[in-house]
Amino acid sequence: MTKNIKSILGGGALAALLAFTTQLRADDIQVTDPLPAGTTTWSRTNTYHLNGLCHVLGGSTLRIESGTVIKGINLGAAAIQKGGLVICRNAKIYAEGTPDKPIIFTAEIDDVTNPEDLDLYQRGLWGGVILMGNAILNRVVDANGQIANPKFEVYEGLPDIQ
């Protein structure tokens, strides 16, 4: 006669065992700028830590599985020092979470298992997700307030390095 694991451990112990084994499989992946060229897939079994602004360059693709956690590391006060994800012009991102397996973008200090660990009004903890598209800019100015040539605009908080 064979017994299944649930009858041996009981329901609560089985849930704890599954949670523990899930934690054992997860890796903390440090992401640096830029992401590798080509197609990159981020797995739900890992937690990704964005070290500064990390760019998905044009021609590359980032796929994020449902249930994946991505955390931006706060390296300082300047916007460029906040961990964030930048999807550059002509790059692609495929990220489709589900109600039971959402993709979570958050700050490094956020405990995603505790919905009350951060104050609702805390701001500036990470750099966000920035999508750079192919839209036509009607009015673009350089740092001196002159019409820029070539036409470009500076993302708020980042230095004008053109």
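Rings of Phe, Tyr and Trp (for Trp, its six-membered ring) make an aromatic pair if their centres lie within 6.5 Å, and a pair is called stacked when the planes are under 30 degrees apart. Keep that in mind for the first view, and remember throughout that this is a predicted model.

**View 1. Aromatic rings that pair up.** By this rule, the count comes to 2 aromatic pairs. One of them joins tryptophan 42 and tyrosine 48, with 4.7 Å centre to centre and 15 degrees between the planes, so the pair is stacked. Are these two residues buried or exposed? Tryptophan 42 is buried, at 4% relative accessible area, and tyrosine 48 also counts as buried, at 4%. Phenylalanine 105 and tryptophan 126 make a stacked pair too, with 6.2 Å between centres and 5 degrees between planes. Phenylalanine 105 belongs to strand β9 while tryptophan 126 sits in the loop between β9 and β10, so this pair ties together parts that are 21 residues apart in sequence. Both of its members are partly exposed: phenylalanine 105 has 26% relative accessibility, and tryptophan 126 has 25%.

**View 2. Strand β2 and its neighbour β5.** Follow the side chains along β2, residues 39-42, and you'll see them alternate. Next to β2 runs β5 (residues 61-64), parallel to it and joined to it by 4 bridges. Look for threonine 40 here: its bridge partner in β5 is leucine 62.

**View 3. A four-stranded open sheet.** Which order do the strands take in this sheet? Reading across, you get β1-β3-β6-β9, with parallel pairing. The edge positions go to β1 (28-31) and β9 (104-107); each has a single partner strand, so one side of each is left without a neighbour in the sheet. From one strand to the next, the twist averages 25 degrees. Zoom in on β6 (residues 69-73) and β9, and you'll find 4 bridges joining these parallel strands. Glycine 72 stands opposite alanine 107 of β9.

**View 4. An arginine over a ring.** Arginine 63 lies over the face of tyrosine 94. The distance to the ring centre is 4.6 Å.

**View 5. Backbone details in two loops.** In the loop between β1 and β2 you'll come across proline 34. Now move to asparagine 90, in the loop between β7 (84-87) and β8 (92-95). Its phi is near 70 degrees, a positive value in a residue that isn't glycine. Asparagine 90 is exposed, at 53% relative accessible area.

**View 6. Alanine 135 and arginine 89.** Alanine 135 is in the segment after β10 (128-131). With 56% relative accessible area, alanine 135 is exposed. How far apart are the C-alpha atoms of alanine 135 and arginine 89? They are separated by 9.6 Å, although the two residues are 46 places apart along the chain.

**View 7. How confident is the prediction?** The protein chain averages a pLDDT of 79, and 70% of the residues score at least 70. Among its elements, β5 has the highest mean pLDDT, 97, while helix α1 (residues 5-9) has the lowest, 40. Over residues 1-25, pLDDT stays under 50, and the model has 9 contacts beyond four places in sequence for that stretch.

Notes: Residues are numbered from 1 along each chain as its sequence is written. This is a predicted model: local features need pLDDT of at least 70, side-chain atom pairs count only at pLDDT 80 or more; totals for chains, interfaces and linings use all residues. Side-chain values use heavy atoms; hydrogens and water are left out. Buried means under 20% relative accessible area, exposed over 50%, partly exposed in between (1.4 Å probe, protein chains only). Two strands pair if DSSP finds at least two bridges between them. Axes are lines fitted to C-alpha atoms, for helices over the stretch in contact, and angles run from 0 to 180 degrees between N-to-C directions. pLDDT is the predictor's confidence in each residue, from 0 to 100. Contact means heavy atoms within 4.5 Å. Rings of Phe, Tyr and Trp (its six-membered ring) pair if their centres lie within 6.5 Å; planes under 30 degrees apart count as stacked, over 60 as edge-to-face and the rest as tilted. A charge sits over a ring if NZ of Lys or CZ of Arg is within 6 Å of the ring centre and within 35 degrees of the ring normal.
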